[in-house]
Amino acid sequence: MTIAITGASGFIGRRLMKALAAGNHNIRVLSRHAGTNLPPGVQLHVWDAMKGQPPSESLEGADAVVHLAGEPIAQRWNDEVKQKIRASRATGTRHLVQALSTLRQRPAVLVCGSAIGYYGSRGDEVLTESSAPGSGFMADVCVAWEKEADLAESLGIRLVKIRTGVVLGANGGALAKMLPPFKAGMGGKMGHGDQWMSWVHLDDIVGVIQHAIDNPVRGPVNGTAPSPATNADFTKALAHSLGRPAVVSMPAFSLKLMFGEMSDVILASQRVLPKAAEAAGYAFRYPSLEPALANILAS
């Protein structure tokens, strides 16, 4: 297949590109960085998602498009950063779909990134793809993001919206930020620790995306493992995997001082289950936390 990818320089995008290349697919990367370092054979097309539509030659004849581009969430927010987070997703997706509408030959499927931030913070409530959106900045961003992607369906393109959880993998993502203090024996729960963390192994989020390309999946798909954990249980499992204690808690007020409004994402409770992925036949390689951590830490 010929597959176009945006956000290929990100944590998920890099692994997805590698997996697709191993499957002998033809890969086109849309990036705002002309100097992006890509594997041999991968085509680069320069595109700034917030400035306009991607060049038609980057999409014409593609069998599938995977849209992962977006301003990083894990930074201290101010008004400018929040505007970039929203625009890079909602406006960028609008520009992409507008470009798809002009093609003579449209792709069969658009797999568009989203996030479990869609659900807001919901305590112990079990959340599936049929759950209503929540409230807060990230929920509003995800709703706007998905609304722009929905327009692809009117073009006759099968649309899959991957609501990604906390992605765990070596050399990047949330775990890379957590490992230094945990390795030093200074890790522990964040806030009260009762909030649910819906995590997923990097190999599985890539697997879910590939499954969505290859199978007749449609609509929202939660990109999370089947066994979410509370923050307290997650940090305990991580410390145990490293042979370290987990006794240094990070109070909520300290997180707010460090990260400002972005701390709401860290402290949010989202107990999300991947019902759509499982119903579509995707078999998780790492459905449980301990084996997932063991695999990553052995990398």
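Asn-171 is exposed in this predicted model, with a relative accessible area of 74%, where exposed stands for over 50% relative accessible area, buried for under 20% and partly exposed for what lies in between, as found with a 1.4 Å probe on protein chains only. The residue is found in the loop between strand E8 (166-169) and helix H4 (173-183), and its phi is near 65°, a positive value in a residue other than glycine. Asn-24 likewise has a positive phi, of about 65°, although it is not a glycine; Asn-24 lies in the loop between helix H1 (11-22) and strand E2 (26-31) and counts as exposed at 69% relative accessibility. Most residues other than glycine have a negative phi. Helices (H or I, at least four residues) and strands (E, at least two) are DSSP runs numbered from the N terminus.

Residues are numbered from 1 along each chain as its sequence is written. As the model is predicted, local features need pLDDT of at least 70 and side-chain atom pairs count only at pLDDT 80 or more, while totals for chains, interfaces and linings use all residues, and side-chain values use heavy atoms, with hydrogens and water left out.

Helix H2 (residues 79-101) and helix H3 (residues 137-150) pack at an angle of about 10°, with their axes 8 Å apart, the axes being lines fitted to C-alpha atoms over the stretch in contact and the angles running from 0 to 180 degrees between N-to-C directions. H2 is therefore roughly parallel to H3, a term for angles under 35 degrees, whereas those over 145 are roughly antiparallel, those of 65 to 115 roughly perpendicular and the rest oblique. Residues in this contact (heavy atoms within 4.5 Å) include Ile-85 and Arg-89 of H2 and Val-141 and Trp-145 of H3.

Pro-220 is placed in strand E11 (residues 219-223) and counts as partly exposed at 22% relative accessibility. Leaving aside neighbours within four places in sequence, Pro-220 is in contact with Glu-129, Lys-161, Arg-163 and Ala-276. Pro-220 and Gly-113 are 107 residues apart in sequence and 9.8 Å apart in space, C-alpha to C-alpha.

The lining of the largest cavity divides into nine nonpolar residues, one polar and no charged, where Ala, Val, Leu, Ile, Met, Phe, Trp, Tyr, Cys and Pro count as nonpolar, Asp, Glu, Lys and Arg as charged, and the others, Gly among them, as polar. A cavity is a set of points on a 1 Å grid over the protein atoms alone where a 1.4 Å probe fits but cannot get out, and lining residues have an atom within 4 Å of a point. Helix H5 gives the most to this lining, with three residues.
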